[in-house]
Amino acid sequence: MTTPATLTRAQKAAAILVAMGKPSASRLLKFFKQEELKALIEGARLLRTIPQSDLERIVAEFEAEFTEGAGLLDSADRMDTILNESLSPEEMSAIMGDKKFEVAPEGPPPIWPELEKLEPARLGTFLAGEHPQTAAMVLSKLAPQTAAGVLLTLTKPMRGEIIKRMVTMANVPDAAARIVENRLRTSVLAETSTKDTSVGQARVASVLNELDKPLLEEVMQDLEAAGTPDLDGVRARLFAFDDLPLLTQKARVLLFDGLSTELVTLALRGTSAALAEAVLSAIGARSRRMIEAELGEGSEGIPAADITAARKTIVTTTIRLSREGAFELPSTQDAA
């Protein structure tokens, strides 16, 4: 049974945040450091329902510690952040008196981390139309691995001009750097934000992959009839258990090499002979004989829900391996 005495400090903090509700908790979470957020998440995962009386004791304990100042780490940094977001410079001056208060710098966030997330070819296409000095300035701001990848997308003469300027480049004036950053923000990042729908495609595909094959095909037909954009990107991320024969032999060997014979046997119960052969042909001879012997005894008494769960596990593993670059998924267009 979960009691205040058995809860960790992170679990108690998670309980208080949950009790506060999403709006208030969201405002507080931005003041936590990364390691603190990780501890909160791990604590929340193990948290169970807490009775109201126990929650009140946790809140009372928090109030007592807060009053005593226990656990207030980096309070000066936290207070600076809170004051910067809450008070104007004039109000801070009135409060602090003669003490100078440095206002947090304004302006858009740095663009370089965002540029490093792009495909090298996209940034290379942009830099190919710019002066080599501009390209040298941009690449000098990026991580070496990213800059090298972008350089490889450019022509040899262009690469030589850029590298020559990077070697001799001095500090770039702030005004010139801002001009280049603004151009990158409007020409590259803005284009990416409007055209890159891969996140949405993956989100939709993850939902559709939970559907049975007939229902999935019906939904895809409805989406196509409704003129849903970027449907090919969604289709390329779809995969069902019946699509296993469409994988290459190499992909199937890689997939089933990491799965137990018990899971494979359960998933193959009730499948067609063609599908079973596509799976068994990718498995070692000894494991194949064991699976075929099990399948020969029939599927009587085995819950259909267990068979469905086993097939979904194989589908999930297939999608994960494809995202990790182990192999490519066949599109549903190929399946048709």
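Residues are classed here as nonpolar (Ala, Val, Leu, Ile, Met, Phe, Trp, Tyr, Cys and Pro), charged (Asp, Glu, Lys and Arg) or polar (the others, Gly among them). The structure is a predicted model, in which local features need pLDDT of at least 70 and side-chain atom pairs count only at pLDDT 80 or more, while totals for chains, interfaces and linings use all residues. Residues are numbered from 1 along each chain as its sequence is written, and side-chain values use heavy atoms, with hydrogens and water left out.

The protein chain contains 21 helices and zero strands, taken as DSSP runs numbered from the N terminus (helices: H or I, at least four residues; strands: E, at least two). Of its 336 residues, 29% are buried (buried: under 20% relative accessible area; exposed: over 50%; partly exposed: in between; 1.4 Å probe, protein chains only). Among contacts (heavy atoms within 4.5 Å) between residues at least 6 apart in sequence, 74% join residues at least 24 apart.

The largest nonpolar core has 25 residues, a nonpolar core being a set of buried Ala, Val, Leu, Ile, Met, Phe, Trp, Tyr and Cys residues joined through side-chain atoms within 4.5 Å. F241, L244, L255, F256, V264 and I314 touch the most other members. Two or more residues of this core come from each of α16 (249–257), α17 (261–268), α18 (273–280) and α20, with α20 giving the largest share, five residues. Beyond its neighbours within four places in sequence, F256 contacts L244, V264, V279, A282, I283 and I314. A separate core of 24 residues includes I111, L142, V150 and L154.

The second largest pocket holds about 490 Å³ of space. On a 1 Å grid over the protein atoms alone, a pocket is an open set of points where a 1.4 Å probe fits, with protein on both sides within 12 Å along at least five of seven lines, and lining residues have an atom within 4 Å of a point. Points are joined across faces, edges and corners, and the volume is the space filled by probe spheres set on them. Of the 21 lining residues, N209, L211, F241, K312 and V315 lie nearest the centre of this pocket. The lining comprises nine nonpolar, four polar and eight charged residues. Domain 3 (195–234) and domain 4 (239–322) each contribute at least three lining residues, the bounds coming from an automatic or database domain assignment.

L246 is located in the loop between α15 (231–235) and α16.
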